[in-house]
Amino acid sequence: MTWIAVEGEESKENGGAEKKGGQFRKKAAKKQLRQERREQAKASLIQELNNLRAELKEITQQLTLKQDAHLMHLIQMLGGSRGQAPESTLPATKRLAAMLKKIQELKLKPKKGRLKDLVHLTRLLDALSDKISE
């Protein structure tokens, strides 16, 4: 089937390129504008994702420092890094055994990089600090 161009209608022979009033050029311009906006949005998204990567690195470094300091504080409270703690400040033997059991029961999988492992570790450190302080 072949269409013939009539004023105001498109021609099937040239794929519809002959449109009334330059509609073909308008559609091409709109398509170009959409493509430019898509490229701008993509570039902005890539930039923001790179910013998030940098922030993630900073967060993990700060979290590591904070948890390490918490662990060192617990060790110092028990007299592990600078000699012995006075007997009066040490928790009872049963409490020490319970703390040891909690640590040994903790099942972490560091190679998996799970957020829930960090949560479990943080909760454990807080609980140990509370038990030592009592």
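I looked up the hand first: helix 1 and helix 3 cross in a left-handed way. Left-handed means that the near helix is turned anticlockwise from the far one by less than a right angle. Helices here are DSSP runs of H or I, at least four residues, numbered from the N terminus.

Notes on the source: this is a predicted model, where local features need pLDDT of at least 70, side-chain atom pairs count only at pLDDT 80 or more, and totals for chains, interfaces and linings use all residues. Residues are numbered from 1 along each chain as its sequence is written, and side-chain values use heavy atoms, without hydrogens and water.

Next, the geometry. Helix 1 (residues 23-77) and helix 3 (residues 115-133) have axes that come within 11 Å and cross at roughly 30°. Helix 1 is therefore roughly parallel to helix 3 (under 35 degrees). I listed the contact (heavy atoms within 4.5 Å). Helix 1 brings Leu63, Gln67, His70, Leu71, Leu74 and Met77. Helix 3 answers with residues including Leu118, Leu125, Asp126 and Leu128. By class, I read 8 nonpolar, 5 polar and 1 charged residues.

How do helix 2 and helix 3 pack, and at what angle? Their axes lie 11 Å apart at about 175°. That makes helix 2 roughly antiparallel to helix 3 (over 145 degrees). Arg95, Met99, Lys102 and Ile103 of helix 2 meet Leu124, Ala127, Leu128, Lys131 and Ile132 of helix 3. This contact has 6 nonpolar, no polar and 3 charged residues.

Last, I checked the largest pocket, which holds about 230 Å³ of space. Of its 14 lining residues, Leu74, Leu78, Met99, Ile103 and Leu128 are the closest to its centre. Helix 1, helix 2 (93-105) and helix 3 each supply at least two lining residues. Helix 3 gives the largest share, 5 residues.

Terms used. Axes are lines fitted to C-alpha atoms, for helices over the stretch in contact, and angles run from 0 to 180 degrees between N-to-C directions. Angles under 35 degrees count as roughly parallel, over 145 as roughly antiparallel, 65 to 115 as roughly perpendicular and the rest as oblique. Ala, Val, Leu, Ile, Met, Phe, Trp, Tyr, Cys and Pro count as nonpolar, Asp, Glu, Lys and Arg as charged, and the others, Gly among them, as polar. On a 1 Å grid over the protein atoms alone, a cavity is a set of points where a 1.4 Å probe fits but cannot get out, and a pocket is an open set with protein on both sides within 12 Å along at least five of seven lines; lining residues have an atom within 4 Å of a point. Grid points are joined across faces, edges and corners, and a volume is the space filled by probe spheres set on the points.
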